[in-house]
Amino acid sequence: MSDSSDRDRLSQALAAIDAANADDPFTLSVDGVALPKEQTHAEMMSRWVRELNPEASEELLLAARAHHIRRWMIPRSTFPAGRSAYLRWRRALHSVHAELTAAILEDCGYPRRSVERVAALVAKAELLQAGDPDAQTLEDALSLVFFDTQLEPLLDDLDDRQLRRALGRTWRKMSPSGQAAARDLDLSERAIETLTRLVDGFADE
């Protein structure tokens, strides 16, 4: 297939993923404008993946865009409280994300190998623990989106101990380059001070 056809196929797939996320009932405010939450997160993921890895493969770009496709379909409230139920909810989400993404890519004419690779990245599939570099890039991008969009609200909702635990889980899954990018985020002075103080403390543990 020609480069032009490859670009057309990628554009078609990204547009289909965006369309699937466009009717998200939840919104995220960006510069005062309310936008569909998961569609906006997906676009932020794409930007971060390209910044972290300018040579990102087509499969990685697709996984970044589809990582939380139609996440609202399975609310957290459909599972009981507690850590074990939370992990079951996450696994259920990963499965749905992978299935929806695979169906879109098949419709766009992607070969089975590419469909399976993207689905595995979206579903996590223990790739991060195995040291897969694309899975690490996705984890870094996801963590950066988390810091960029959720750190500020958490400062008001969690005490210092809770913040330390929440940020620590995220920080320890990031690569050194991802952590460096997090330190350069354009956050409020309060958020920067909190993030710096807590992550510097992680280094001493």
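Which backbone nitrogen does a side-chain oxygen of Asp 132 reach at the start of helix 6? The legends below take up this and related details. The structure is a predicted model, in which local features need pLDDT of at least 70 and side-chain atom pairs count only at pLDDT 80 or more, while totals for chains, interfaces and linings use all residues. Residues are numbered from 1 along each chain as its sequence is written, and side-chain values use heavy atoms, with hydrogens and water left out.

View 1. A side-chain oxygen of Asp 132 comes to within 2.9 Å of the backbone nitrogen of Asp 134. Helices are DSSP runs of H or I with at least four residues, numbered from the N terminus. The 25 residues of helix 6 should span 36 Å at 1.5 Å a residue, and the 34 Å between its end C-alpha atoms agrees with this; the expected span is 1.5 Å times one less than the number of residues. At Gln 150 helix 6 bends by about 55°, and Pro 153 follows within four residues, the bend being the angle between axes fitted to the seven residues ending there and the seven starting there.

**View 2. The largest nonpolar core, with 52 residues.** Such a core is a set of buried Ala, Val, Leu, Ile, Met, Phe, Trp, Tyr and Cys residues joined through side-chain atoms within 4.5 Å. Not counting residues up to four places away in sequence, Leu 62 touches Leu 10, Ala 13, Leu 14, Ile 17, Leu 105, Tyr 110 and Val 118, where contact means heavy atoms within 4.5 Å.

**View 3. Ser 143 within helix 6.** Ser 143 has a relative accessible area of 2% and is therefore buried (under 20%; exposed is over 50% and partly exposed in between, with a 1.4 Å probe and protein chains only). Beyond residues up to four places away in sequence, Ser 143 touches Thr 170 and Met 174.

**View 4. The aromatic pair of Phe 147 and Trp 171.** Rings of Phe, Tyr and Trp (its six-membered ring) pair if their centres lie within 6.5 Å, and planes under 30 degrees apart count as stacked, over 60 as edge-to-face and the rest as tilted. Phe 147 is buried at 0% relative accessible area, and Trp 171 counts as buried at 6%. Their rings form a tilted pair, 6.3 Å centre to centre with 55° between the planes. Because Phe 147 lies in helix 6 and Trp 171 in helix 7, the pair ties together parts that are 24 residues apart in sequence.

How values were computed
Helix = DSSP H or I, 4+ residues; strand = E, 2+ residues; numbered from the N terminus. Polar contact = N/O pair within 3.5 Å; in protein donor to acceptor, adjacent residues only side chain to side chain.
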